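Thank you all for coming.

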Amino acid sequence: MAEKKHRVAIIGCGRMGQGYADAYATYPDTEIVAIAEYNPERRKAVGERYGVTALYPDVEALLKDVVPDIAAVVTPVKYFKEAVLACAEAGVKGVSTDKP
């Protein structure tokens with residue numbers, strides 16, 4: 001019987017966000033199911049790299065369509081609180097951040 005994969009959303013796809021995506025892409029029990037990134041070129045490129053088609057310009061748009069098991073919030077610090085609260089209110093069970 002195959003183990004259940006945890007559904008992961010990457011929120012913010014700068015250098016650190018892509019590092020998180022690299023990590024989650026290698027774990028056998030996780031699957032990246034959605035990406036939120038404000039930069040459309042970067043959003044498209046990162047989506048293509050990881051085979052993700054659920055691409056959104058911000059966390060609010062993502063959470064309207066997808067409620068992942070895990071959200072990796074890797075945004076500039078000034079956006080952390082908003083993104084983490086939105087994820088918690090949507091019912092995301094695990095939130096990871098890379099806060100300096």
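When I speak of an axis, I mean a line fitted to C-alpha atoms, for helices over the stretch in contact, and angles run from 0 to 180 degrees between N-to-C directions. Helices (H or I, at least four residues) and strands (E, at least two) are DSSP runs, numbered from the N terminus. Please keep in mind that this is a predicted model, in which local features need pLDDT of at least 70 and side-chain atom pairs count only at pLDDT 80 or more, while totals for chains, interfaces and linings use all residues. Residues are numbered from 1 along each chain as its sequence is written, and side-chain values use heavy atoms, with hydrogens and water left out.

The axes of α1 (residues 15-26) and α2 (residues 40-50) come within 11 Å and cross at roughly 15°. Because angles under 35 degrees count as roughly parallel, α1 is roughly parallel to α2. Contact, meaning heavy atoms within 4.5 Å, is made by Gln-18, Ala-21, Asp-22 and Ala-25 of α1 with Arg-42, Val-46, Arg-49 and Tyr-50 of α2.

Now to the interior, where a nonpolar core is a set of buried Ala, Val, Leu, Ile, Met, Phe, Trp, Tyr and Cys residues joined through side-chain atoms within 4.5 Å, and buried means under 20% relative accessible area with a 1.4 Å probe, protein chains only. The largest such core has 18 residues, and Ile-11, Val-59 and Cys-87 are among those with the most contacts inside it. α4 gives the most to this core, namely four residues. Apart from this core lies another, of 14 residues, including Val-8 and Tyr-24.

Note on methods:
Buried < 20%, exposed > 50% of the residue type's maximum accessible area, 1.4 Å probe, protein only. Parallel < 35°, antiparallel > 145°, perpendicular 65-115°, else oblique.
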